[in-house]
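Here's a walk through one protein model, sheet by sheet and helix by helix. Keep the viewer open while you read.

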Amino acid sequence: MKTKPIYVTMPSLAPLDEYKKILEGVWERGILTHNGPLVRQLEKDLCTKLGLRNFALVSNGTIAIQMAIKALELKGEIITSPFTWIATVSAVKWEGCTPVFCDIDPETLNLDPAKIEDLITDSTVAIMPVHVFGNPCDVETIEAIAKKHHLSVIYDAAHAVGSVYNNKSLLEYGDIIATSLHATKLLNTGEGGACITGDDELHEKLKRIRFFGHDDTKEVIEDGFNGKMTEIHAALGLANLKYYDDVLADRKRKYLKYKELLRVDDSLHFQKTTFGETNYSYFPVIFDSEATLLETEKRLNKNQIFPRRYFYPSVNTYTKIVDYRPTPISENISKRIACLPLYWALTDEDIERICHIILNK
Ligand SMILES: Cc1ncc(COP(=O)(O)O)c(C=O)c1O
(Lines give C-alpha, C1' and ligand atoms only; values in the text may rest on other atoms or scores of the structure.)
Protein backbone atom coordinates (compact mmCIF):
# COMPACT_ATOMS: atom_id res chain seq x y z
CA MET A 1 0.00 0.00 0.00
CA LYS A 2 1.32 3.42 -0.91
CA THR A 3 1.15 5.81 2.06
CA LYS A 4 0.64 9.54 1.62
CA PRO A 5 3.79 11.51 2.45
CA ILE A 6 3.75 13.47 5.69
CA TYR A 7 5.76 16.67 5.45
CA VAL A 8 6.95 18.81 8.33
CA THR A 9 4.15 21.28 7.81
CA MET A 10 1.10 22.14 5.75
CA PRO A 11 -0.69 25.49 5.71
CA SER A 12 -3.79 25.98 7.84
CA LEU A 13 -6.43 27.14 5.37
CA ALA A 14 -9.99 28.34 5.88
CA PRO A 15 -12.65 26.67 3.68
CA LEU A 16 -12.20 27.84 0.09
CA ASP A 17 -15.80 29.14 -0.11
CA GLU A 18 -15.14 31.53 2.74
CA TYR A 19 -12.01 32.86 1.05
CA LYS A 20 -13.88 33.23 -2.26
CA LYS A 21 -16.64 35.22 -0.52
CA ILE A 22 -14.10 37.76 0.74
CA LEU A 23 -12.46 37.89 -2.69
CA GLU A 24 -15.79 38.82 -4.30
CA GLY A 25 -15.50 42.21 -2.59
CA VAL A 26 -12.01 42.66 -4.04
CA TRP A 27 -13.35 42.00 -7.55
CA GLU A 28 -16.25 44.43 -6.98
CA ARG A 29 -14.04 47.22 -5.68
CA GLY A 30 -11.20 46.65 -8.11
CA ILE A 31 -8.71 47.57 -5.41
CA LEU A 32 -5.83 45.11 -5.23
CA THR A 33 -3.22 46.93 -3.20
CA HIS A 34 -2.07 50.30 -1.77
CA ASN A 35 -3.31 49.92 1.80
CA GLY A 36 -6.73 48.68 0.67
CA PRO A 37 -9.76 48.08 2.91
CA LEU A 38 -8.94 44.41 3.60
CA VAL A 39 -5.39 45.22 4.70
CA ARG A 40 -6.79 47.86 7.06
CA GLN A 41 -9.47 45.46 8.29
CA LEU A 42 -6.93 42.70 8.96
CA GLU A 43 -4.67 45.14 10.83
CA LYS A 44 -7.61 46.22 12.97
CA ASP A 45 -8.77 42.65 13.63
CA LEU A 46 -5.27 41.52 14.56
CA CYS A 47 -4.89 44.42 17.01
CA THR A 48 -8.17 43.37 18.63
CA LYS A 49 -7.40 39.65 18.62
CA LEU A 50 -3.89 40.03 20.05
CA GLY A 51 -4.54 43.09 22.22
CA LEU A 52 -2.00 45.22 20.35
CA ARG A 53 -1.97 48.95 19.68
CA ASN A 54 -0.54 48.99 16.14
CA PHE A 55 -0.04 46.48 13.38
CA ALA A 56 1.54 47.35 10.02
CA LEU A 57 1.09 44.51 7.56
CA VAL A 58 3.83 44.05 4.98
CA SER A 59 4.69 41.70 2.14
CA ASN A 60 6.83 39.27 4.15
CA GLY A 61 8.68 38.77 7.42
CA THR A 62 12.13 39.50 5.96
CA ILE A 63 11.00 42.92 4.73
CA ALA A 64 9.47 43.50 8.20
CA ILE A 65 12.94 43.08 9.79
CA GLN A 66 14.51 45.38 7.21
CA MET A 67 11.81 47.99 7.80
CA ALA A 68 12.37 47.82 11.56
CA ILE A 69 16.09 48.52 11.10
CA LYS A 70 15.33 51.32 8.63
CA ALA A 71 12.70 52.92 10.87
CA LEU A 72 15.08 53.00 13.82
CA GLU A 73 17.80 54.41 11.52
CA LEU A 74 20.35 51.88 12.72
CA LYS A 75 23.85 51.73 11.31
CA GLY A 76 26.40 49.51 13.03
CA GLU A 77 26.56 46.16 14.79
CA ILE A 78 23.41 44.25 15.70
CA ILE A 79 23.75 41.46 18.24
CA THR A 80 21.63 38.53 17.13
CA SER A 81 21.18 34.79 17.35
CA PRO A 82 23.01 32.31 15.11
CA PHE A 83 20.25 29.78 15.77
CA THR A 84 17.78 31.21 13.29
CA TRP A 85 16.64 31.23 9.70
CA ILE A 86 19.01 32.95 7.29
CA ALA A 87 16.45 35.77 6.79
CA THR A 88 17.29 37.31 10.19
CA VAL A 89 20.86 37.84 9.11
CA SER A 90 20.28 38.70 5.47
CA ALA A 91 17.86 41.46 6.56
CA VAL A 92 20.51 42.90 8.89
CA LYS A 93 23.07 42.83 6.08
CA TRP A 94 20.73 44.33 3.47
CA GLU A 95 20.27 47.31 5.78
CA GLY A 96 24.04 47.83 5.86
CA CYS A 97 24.46 46.60 9.44
CA THR A 98 26.80 43.90 10.74
CA PRO A 99 25.42 40.83 12.51
CA VAL A 100 27.31 39.89 15.67
CA PHE A 101 26.45 36.41 16.86
CA CYS A 102 25.64 35.76 20.49
CA ASP A 103 25.37 32.12 21.54
CA ILE A 104 22.11 30.59 22.70
CA ASP A 105 20.84 28.98 25.86
CA PRO A 106 20.95 25.18 25.30
CA GLU A 107 17.52 24.68 26.85
CA THR A 108 15.37 27.55 25.57
CA LEU A 109 17.31 27.73 22.26
CA ASN A 110 16.97 31.53 22.48
CA LEU A 111 19.81 34.03 22.60
CA ASP A 112 21.47 33.80 26.03
CA PRO A 113 21.12 37.23 27.71
CA ALA A 114 24.11 36.48 29.98
CA LYS A 115 26.35 36.53 26.89
CA ILE A 116 25.12 39.80 25.37
CA GLU A 117 27.12 42.36 27.33
CA ASP A 118 30.51 40.87 26.41
CA LEU A 119 29.70 41.52 22.76
CA ILE A 120 28.73 45.19 23.10
CA THR A 121 31.23 47.57 21.47
CA ASP A 122 31.14 51.27 20.55
CA SER A 123 29.59 50.22 17.24
CA THR A 124 26.69 48.23 18.73
CA VAL A 125 23.32 49.79 17.89
CA ALA A 126 20.77 47.09 18.65
CA ILE A 127 19.94 43.64 19.96
CA MET A 128 17.85 41.42 17.72
CA PRO A 129 16.80 38.26 19.55
CA VAL A 130 14.64 35.60 17.92
CA HIS A 131 11.69 33.97 19.72
CA VAL A 132 12.78 30.58 18.43
CA PHE A 133 9.85 28.29 17.52
CA GLY A 134 7.57 30.79 19.29
CA ASN A 135 9.34 30.28 22.62
CA PRO A 136 9.47 33.65 24.44
CA CYS A 137 12.92 35.15 25.07
CA ASP A 138 13.82 36.59 28.46
CA VAL A 139 12.35 39.93 27.36
CA GLU A 140 12.80 41.72 30.68
CA THR A 141 16.53 40.99 31.04
CA ILE A 142 17.09 41.92 27.40
CA GLU A 143 15.21 45.20 27.88
CA ALA A 144 17.31 46.03 30.96
CA ILE A 145 20.57 45.39 29.06
CA ALA A 146 19.36 47.49 26.12
CA LYS A 147 18.37 50.38 28.42
CA LYS A 148 21.70 50.27 30.25
CA HIS A 149 23.65 50.50 26.98
CA HIS A 150 21.19 52.74 25.04
CA LEU A 151 20.48 50.09 22.42
CA SER A 152 17.34 49.42 20.41
CA VAL A 153 15.61 46.04 20.60
CA ILE A 154 14.05 44.50 17.51
CA TYR A 155 12.54 41.07 17.97
CA ASP A 156 12.52 38.61 15.14
CA ALA A 157 9.13 37.26 16.11
CA ALA A 158 8.58 35.42 12.82
CA HIS A 159 7.35 32.36 14.77
CA ALA A 160 5.65 34.12 17.64
CA VAL A 161 2.08 35.11 16.73
CA GLY A 162 0.07 33.53 19.55
CA SER A 163 2.91 33.38 22.11
CA VAL A 164 2.24 35.01 25.46
CA TYR A 165 4.27 36.78 28.14
CA ASN A 166 2.81 38.19 31.38
CA ASN A 167 -0.68 37.39 30.08
CA LYS A 168 -0.11 39.68 27.10
CA SER A 169 0.87 39.02 23.52
CA LEU A 170 4.62 38.52 23.27
CA LEU A 171 4.47 40.95 20.34
CA GLU A 172 4.18 43.81 22.86
CA TYR A 173 7.83 43.52 23.87
CA GLY A 174 10.60 45.37 22.04
CA ASP A 175 10.93 48.68 20.17
CA ILE A 176 9.76 47.02 16.97
CA ILE A 177 8.62 43.45 16.57
CA ALA A 178 8.86 41.85 13.14
CA THR A 179 6.67 38.85 12.46
CA SER A 180 5.93 36.56 9.53
CA LEU A 181 2.58 35.41 8.13
CA HIS A 182 4.20 33.01 5.67
CA ALA A 183 2.29 29.90 4.56
CA THR A 184 4.02 27.77 7.20
CA LYS A 185 3.08 30.01 10.11
CA LEU A 186 0.30 29.52 12.64
CA LEU A 187 -1.64 32.35 11.01
CA ASN A 188 -0.86 32.79 7.34
CA THR A 189 -1.58 35.11 4.44
CA GLY A 190 0.38 32.98 1.95
CA GLU A 191 3.32 35.36 1.99
CA GLY A 192 3.17 38.16 4.52
CA GLY A 193 4.51 39.76 7.63
CA ALA A 194 4.11 42.72 9.93
CA CYS A 195 5.89 45.33 12.00
CA ILE A 196 4.42 45.93 15.43
CA THR A 197 5.27 48.78 17.77
CA GLY A 198 3.66 50.46 20.74
CA ASP A 199 5.06 53.81 19.57
CA ASP A 200 2.52 55.64 17.38
CA GLU A 201 5.08 57.87 15.66
CA LEU A 202 7.23 54.88 14.78
CA HIS A 203 4.12 53.13 13.48
CA GLU A 204 3.36 56.05 11.14
CA LYS A 205 6.97 56.00 9.98
CA LEU A 206 6.82 52.26 9.28
CA LYS A 207 3.67 52.80 7.20
CA ARG A 208 5.49 55.47 5.17
CA ILE A 209 8.51 53.25 4.66
CA ARG A 210 6.38 50.42 3.28
CA PHE A 211 4.83 52.88 0.80
CA PHE A 212 7.90 54.39 -0.89
CA GLY A 213 8.32 56.99 1.87
CA HIS A 214 5.01 58.74 0.98
CA ASP A 215 3.01 60.54 3.65
CA ASP A 216 -0.81 60.86 3.49
CA THR A 217 -0.57 63.63 0.88
CA LYS A 218 1.64 61.39 -1.29
CA GLU A 219 4.62 63.62 -0.74
CA VAL A 220 7.85 61.65 -0.38
CA ILE A 221 9.18 62.62 3.01
CA GLU A 222 11.65 59.84 3.70
CA ASP A 223 13.57 56.96 2.26
CA GLY A 224 11.13 54.10 1.77
CA PHE A 225 10.48 51.11 -0.44
CA ASN A 226 7.69 48.79 -1.45
CA GLY A 227 6.68 46.65 1.51
CA LYS A 228 2.93 46.61 0.85
CA MET A 229 0.65 43.64 1.40
CA THR A 230 -1.93 42.98 -1.33
CA GLU A 231 -5.70 42.67 -0.81
CA ILE A 232 -5.52 39.05 -2.02
CA HIS A 233 -3.13 38.17 0.80
CA ALA A 234 -5.11 40.15 3.37
CA ALA A 235 -8.28 38.34 2.25
CA LEU A 236 -6.61 35.02 3.00
CA GLY A 237 -5.51 36.35 6.39
CA LEU A 238 -9.06 37.45 7.21
CA ALA A 239 -10.46 34.06 6.19
CA ASN A 240 -7.82 32.22 8.23
CA LEU A 241 -8.11 34.51 11.25
CA LYS A 242 -11.59 33.13 11.91
CA TYR A 243 -9.94 29.78 12.70
CA TYR A 244 -6.99 31.17 14.63
CA ASP A 245 -8.17 30.00 18.10
CA ASP A 246 -8.92 26.52 16.76
CA VAL A 247 -5.52 26.25 15.07
CA LEU A 248 -3.74 27.43 18.22
CA ALA A 249 -5.60 24.92 20.42
CA ASP A 250 -5.02 22.13 17.91
CA ARG A 251 -1.25 22.75 17.80
CA LYS A 252 -1.07 22.77 21.59
CA ARG A 253 -2.95 19.51 21.90
CA LYS A 254 -0.79 17.80 19.26
CA TYR A 255 2.42 19.24 20.74
CA LEU A 256 1.50 17.82 24.15
CA LYS A 257 0.60 14.47 22.61
CA TYR A 258 4.04 14.22 20.94
CA LYS A 259 5.72 15.10 24.22
CA GLU A 260 3.70 12.58 26.20
CA LEU A 261 4.58 9.79 23.76
CA LEU A 262 8.26 10.65 23.35
CA ARG A 263 9.17 11.45 26.95
CA VAL A 264 9.72 7.72 27.67
CA ASP A 265 13.01 7.97 25.77
CA ASP A 266 15.40 10.01 27.89
CA SER A 267 17.90 10.37 25.06
CA LEU A 268 15.44 12.79 23.44
CA HIS A 269 15.36 16.40 24.60
CA PHE A 270 12.79 19.12 24.12
CA GLN A 271 12.92 22.89 24.00
CA LYS A 272 12.29 24.37 27.43
CA THR A 273 9.88 27.25 27.92
CA THR A 274 11.11 29.36 30.82
CA PHE A 275 9.34 32.65 30.15
CA GLY A 276 5.66 32.98 29.29
CA GLU A 277 3.92 30.50 27.01
CA THR A 278 4.94 29.32 23.55
CA ASN A 279 2.37 29.07 20.75
CA TYR A 280 3.28 25.40 20.23
CA SER A 281 3.72 26.01 16.54
CA TYR A 282 6.69 23.66 16.06
CA PHE A 283 7.72 20.40 17.67
CA PRO A 284 11.54 20.38 17.78
CA VAL A 285 13.36 17.30 19.08
CA ILE A 286 17.01 17.40 20.13
CA PHE A 287 18.75 14.04 19.62
CA ASP A 288 21.83 12.90 21.53
CA SER A 289 24.00 13.07 18.40
CA GLU A 290 23.87 14.01 14.73
CA ALA A 291 24.30 10.32 13.88
CA THR A 292 21.12 9.43 15.82
CA LEU A 293 19.25 12.25 14.11
CA LEU A 294 20.33 11.09 10.66
CA GLU A 295 19.52 7.47 11.42
CA THR A 296 16.07 8.43 12.76
CA GLU A 297 15.45 10.68 9.77
CA LYS A 298 16.31 7.80 7.45
CA ARG A 299 13.78 5.49 9.12
CA LEU A 300 11.09 8.18 9.01
CA ASN A 301 11.83 8.97 5.35
CA LYS A 302 11.51 5.28 4.51
CA ASN A 303 7.98 5.54 5.88
CA GLN A 304 7.24 8.66 3.80
CA ILE A 305 7.60 10.94 6.82
CA PHE A 306 9.73 14.04 6.34
CA PRO A 307 10.79 15.96 9.44
CA ARG A 308 13.00 19.00 8.85
CA ARG A 309 16.43 19.84 10.18
CA TYR A 310 15.59 23.27 11.47
CA PHE A 311 17.62 25.42 12.08
CA TYR A 312 20.58 23.84 10.34
CA PRO A 313 23.33 24.81 9.96
CA SER A 314 23.98 27.47 12.58
CA VAL A 315 23.94 30.78 10.67
CA ASN A 316 27.37 31.91 11.93
CA THR A 317 28.86 29.09 9.83
CA TYR A 318 27.63 30.62 6.52
CA THR A 319 31.14 31.93 5.96
CA LYS A 320 30.43 33.04 2.39
CA ILE A 321 28.26 35.82 3.76
CA VAL A 322 29.24 36.37 7.42
CA ASP A 323 32.44 36.56 9.43
CA TYR A 324 32.70 33.36 11.42
CA ARG A 325 32.68 33.74 15.18
CA PRO A 326 32.29 30.54 17.18
CA THR A 327 29.00 29.94 18.97
CA PRO A 328 29.55 26.37 20.19
CA ILE A 329 26.11 25.76 21.65
CA SER A 330 24.25 26.86 18.54
CA GLU A 331 26.64 24.93 16.28
CA ASN A 332 26.27 21.81 18.38
CA ILE A 333 22.47 21.91 18.75
CA SER A 334 21.79 22.77 15.12
CA LYS A 335 23.45 19.48 14.13
CA ARG A 336 21.17 17.46 16.43
CA ILE A 337 17.77 19.10 16.12
CA ALA A 338 14.82 18.42 13.84
CA CYS A 339 11.20 19.57 13.79
CA LEU A 340 8.59 16.84 13.56
CA PRO A 341 5.45 17.23 11.42
CA LEU A 342 2.90 19.48 13.11
CA TYR A 343 -0.11 20.95 11.34
CA TRP A 344 -3.89 21.06 11.30
CA ALA A 345 -4.47 18.08 9.00
CA LEU A 346 -2.03 15.81 10.88
CA THR A 347 -4.04 13.13 12.70
CA ASP A 348 -3.51 11.57 16.12
CA GLU A 349 -2.78 8.29 14.32
CA ASP A 350 -0.06 10.04 12.30
CA ILE A 351 1.54 11.29 15.53
CA GLU A 352 1.35 7.83 17.09
CA ARG A 353 2.95 6.28 14.01
CA ILE A 354 5.74 8.89 13.90
CA CYS A 355 6.51 8.37 17.60
CA HIS A 356 6.44 4.60 17.20
CA ILE A 357 9.04 4.81 14.40
CA ILE A 358 11.23 7.18 16.42
CA LEU A 359 11.10 5.04 19.56
CA ASN A 360 11.56 1.63 17.91
CA LYS A 361 15.22 1.94 16.93
C1 LIG B 1 13.25 33.11 12.36
C2 LIG B 1 12.76 33.64 11.07
N3 LIG B 1 12.97 34.94 10.78
C4 LIG B 1 12.52 35.48 9.63
C5 LIG B 1 11.83 34.74 8.70
C6 LIG B 1 11.40 35.38 7.42
O7 LIG B 1 10.03 35.38 7.22
P8 LIG B 1 9.42 35.39 5.75
O9 LIG B 1 9.57 34.02 5.18
O10 LIG B 1 8.00 35.78 5.95
O11 LIG B 1 10.18 36.41 4.96
C12 LIG B 1 11.60 33.39 8.95
C13 LIG B 1 10.88 32.57 7.97
O14 LIG B 1 10.42 31.49 8.22
C15 LIG B 1 12.08 32.81 10.16
O16 LIG B 1 11.90 31.51 10.43
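What follows covers the sheets, then the helix packing, then the cores and one arginine.

First, the ground rules. This is a predicted model, in which local features need pLDDT of at least 70 and side-chain atom pairs count only at pLDDT 80 or more, while totals for chains, interfaces and linings use all residues. Residues are numbered from 1 along each chain as its sequence is written, and side-chain values use heavy atoms, with hydrogens and water left out.

Helices (H or I, at least four residues) and strands (E, at least two) are DSSP runs, numbered from the N terminus. Seven strands make an open sheet with mixed pairing, in the order 2-10-9-6-5-3-4; two strands pair if DSSP finds at least two bridges between them. At the edges sit strand 2 (56-58) and strand 4, each pairing on one side only. On average, neighbouring strands of this sheet are turned by 25 degrees against each other, direction ignored.

Strand 6 and strand 9 run parallel, joined by three bridges. Here Ile-154 stands opposite Ile-176, and Asp-156 has Ala-178 as its bridge partner. Strand 9 and strand 10 run antiparallel, with four bridges between them, and Ser-180 stands opposite Gly-193 there.

How many residues of strand 9 are buried? Five of the five are, so strand 9 is largely enclosed by the rest of the structure. Buried means under 20% relative accessible area, exposed over 50%, and partly exposed in between (1.4 Å probe, protein chains only). In a regular strand the side chains alternate between the two faces of the sheet. In strand 9, Ile-176, Ala-178 and Ser-180 are buried on one side, and Ile-177 and Thr-179 are buried on the other.

Helix 5 lies across strand 5 and strand 6, and runs at about 150 degrees to strand 6. Helix 4 (residues 86-94) has Ala-87, Thr-88, Val-89, Ala-91 and Val-92 as its buried residues. These pack against helix 3 (61-71), strand 3 (77-80), strand 4 (98-101), strand 5 (124-128) and strand 6 (152-156). After helix 4 comes Gly-96, with a positive phi near 75 degrees.

Another open sheet has three strands in the order 11-12-14, with antiparallel pairing. Its edge strands are strand 11 (269-270) and strand 14 (337-340), each pairing on one side only. Two bridges pair strand 11 with strand 12 (residues 283-286), and Phe-270 has Val-285 as its bridge partner. Helix 8 packs on this sheet, touching strand 11, strand 12 and strand 14, and its direction makes about 25 degrees with that of strand 12.

**Two helix pairs**

Two packed helices are described by the angle between their axes and the distance between the axes. Axes are lines fitted to C-alpha atoms, for helices over the stretch in contact, and angles run from 0 to 180 degrees between N-to-C directions.

| Helix pair | Angle | Axis distance |
|---|---|---|
| Helix 3 and helix 6 | about 120 degrees | 10 Å |
| Helix 2 and helix 7 | about 35 degrees | 8 Å |

Helix 3 and helix 6 are therefore oblique to each other (angles under 35 degrees count as roughly parallel, over 145 as roughly antiparallel, 65 to 115 as roughly perpendicular and the rest as oblique). The crossing of helix 3 and helix 6 is right-handed, whereas that of helix 2 and helix 7 is left-handed. A crossing is left-handed if the near helix is turned anticlockwise from the far one by less than a right angle, and right-handed if clockwise.

Contact means heavy atoms within 4.5 Å. Between helix 2 and helix 7, the contact residues include Leu-42 and Leu-46 of helix 2 and Ala-234 and Leu-238 of helix 7.

**Cores, and an arginine**

A nonpolar core is a set of buried Ala, Val, Leu, Ile, Met, Phe, Trp, Tyr and Cys residues joined through side-chain atoms within 4.5 Å. The largest one has 51 residues, and Leu-46, Leu-50, Phe-55, Leu-57, Ile-116, Tyr-155 and Leu-171 touch the most other members. A second, separate core of 24 residues includes Leu-74, Ala-126, Leu-202 and Phe-225.

Leaving aside neighbours within four places in sequence, the contacts of Leu-171 include Leu-50, Ile-177 and Ile-196.

Finally, Arg-299 lies in helix 9 (residues 290-302). Is Arg-299 buried or exposed? Arg-299 is buried, with a relative accessible area of 15%. Beyond its neighbours within four places in sequence, Arg-299 is in contact with Ile-357, Ile-358, Asn-360 and Lys-361.
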